[in-house]
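User: Could you walk me through this one and tell me what stands behind each term you use?
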Amino acid sequence: MKNKYSIFALIKNAFSYHENWQKAWKDPVPKKEYETVIIGGGGHGLATAFYLAKKHNMKNIAVIEKGWIGGGNTGRNTTIIRSNYLWDASAGLYNHALNIWEGLSQELNYNVMFSQRGVINLAHNLQDVRDLKRRTHANRLNGIDAVYLNTDEVKKFCPIINTSPDIRYPVLGGTLQKRAGTARHDAVAWGYARGANEMGVDIIQNCEVKGIKRNADTVEGVETSKGFIKTKKIGVVAAGHSSVIANMAGLKLPLESKPLQALVSEPVKPIIDTVVMSNAVHAYVSQSDKGELVIGAGTDDYVSYSQKGSHDIVEGTLNAILELYPIFSRMRMLRQWGGIVDICPDASPIISKTSIKGLYFNCGWGTGGFKATPGSGDLFAHTIANDEPHKLNAAFNINRFVSGDLVDEHGAAAVAH
Amino acid sequence: MFLIYCPFCGEREQSEFKAGGEAHIVRPKQPTELSDDEWAEYLFMRKNIKGVQFERWNHIHGCRKWFNMVRDTSNDEIKAVYKMGEKPPTK
């Protein structure tokens, strides 16, 4: 890496009052032709380009982004990273990502502030207890660190939780994954963009895709707001807008795009040093390094691309938060926003070839894609480079909706939908 | 949050309703003769349109009746509401 960030670079730049730091990535004019074009400059798309260049020696790659990089769901999620999914296929996929997360700051020479502060998933009724115990056992068989905690152990790990048996949905226990945690979401996009740029990837922002050109069953290029770009391989990583791109190519996907909301409070001193999620009452909370509580709400049940959700969804989540954490009763919420998530019927993603040669989709991550960013990029790059899936994403092909071989992760997906 | 005109009850808050997904997906007449591809199309594949979409809604906390809606999904603007069995508006 030419311009490595280091203590020496920091000192050197201090002499010029930090006004001469190099640009992290260039702002190129698109070329006429690329070997591969990635549609979507979020974390997953940038990671895909990064691993295509790094592991598959592809030199001529463009990432095209309608807005600015990391301005979509990468900058809108609640940054939770964990791998405690039920089925073997999912365990493989998400744990692959977690393994990469652990060395990502070094790999990118960019601090993604990965913090393994642990993630608790709470149980509020007997069925929750049974499901979470089953999931803990399944996790351990797949080599994922998971333990089941009883109510007292939950209280010990996170003292501010109200474990009184008198509340409407009492805490009966929970699972803990200690390797899980959070990362700085913007840094993930910026780090991958910088790394990809360094290896010659063109990152083209403010460039909207208008159409996919195909000749019979082979792709020929992308029509964009900055002109036509010729290419033989297109990787679509457009999250909530995947169906829109698919429609341009004449494909239909098993997706519905819905608003998912999140909110942050005013910043306060450290009060919660882990991540607590609760599927049943739909409340999850962590604290950012700035001190804000980061709270994830649910999805609306209707299709919408408006990046706005309903107020009653936020209200429901805050009701649950207040019952579980009475200490937050006088906190004020600072900001609230929505992102458009593409939800698959089985709550698992699609990382797959399609019936059109040279067209690949990485979508359907629904409400929980952030945690998989590095693994998703790595496996999608493999799929594009070899025109074959990696064994870790073979189960996540689009044909599973025809064969019926679904990977039902509604239980582990945390956001009920 | 938006207001929805239920064709049976009148205007109510959206939180009283449940969205039922894409409308006018016809149930196969001969289910036993369907190929796997046709089943996948019927069960899972959705248009998921950004723009004007036809959908089903249920006034679940009201009259509990199903009806159809034409809505622009890019800004949640409701264009029309019509009862089940009625022909969708063409404009």
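Analyst: Let's start with Asn84(A), which sits in the loop between strand 3 (80-81) and helix 3 (88-108) of chain A; helices (H or I, at least four residues) and strands (E, at least two) are DSSP runs numbered from the N terminus. This is a predicted model, where local features need pLDDT of at least 70, side-chain atom pairs count only at pLDDT 80 or more, and totals for chains, interfaces and linings use all residues. Residues are numbered from 1 along each chain as its sequence is written, chains are lettered from A in the order in which they are written, and side-chain values use heavy atoms, leaving out hydrogens and water.

User: Why does Asn84(A) count as buried?
Analyst: Buried means under 20% relative accessible area, with exposed over 50% and partly exposed in between (1.4 Å probe, protein chains only). Asn84(A) has 2% relative accessibility, so it counts as buried.

User: What makes the link between Asn84(A) and Asn121(A) a polar contact?
Analyst: The term asks for a pair of N or O atoms within 3.5 Å; within protein, one must be able to donate a hydrogen and the other to accept it, and residues adjacent in sequence count only if both atoms are side-chain atoms. The side chains of Asn84(A) and Asn121(A) are joined at 3.3 Å. Beyond its neighbours within four places in sequence, Asn84(A) is also in contact (heavy atoms within 4.5 Å) with residues including Thr175(A) and Gln177(A).

User: Why is strand 6 of chain A described as largely enclosed?
Analyst: Five of the five residues of strand 6 (residues 173-177) are buried, so the rest of the structure largely encloses it. Gly173(A), Thr175(A) and Gln177(A) cover one side, and Gly174(A) and Leu176(A) the other.

User: Which strand pairs with strand 6 of chain A over five bridges?
Analyst: Strand 4 (residues 119-123) does, in the antiparallel sense; pairing requires that DSSP find at least two bridges between the strands. Gly173(A) is the bridge partner of Ala123(A). Strand 5 (residues 147-150) also runs antiparallel to strand 6, joined by four bridges.

User: What makes Lys18(B) and Asp301(A) a salt bridge?
Analyst: A salt bridge is a side-chain nitrogen of Lys or Arg within 4 Å of a carboxyl oxygen of Asp or Glu. Here the closest N and O atoms are 3.5 Å apart, and the count between chain A and chain B is two salt bridges.

User: How many residues of each chain are in contact?
Analyst: 25 residues of chain A are in contact with 27 residues of chain B.
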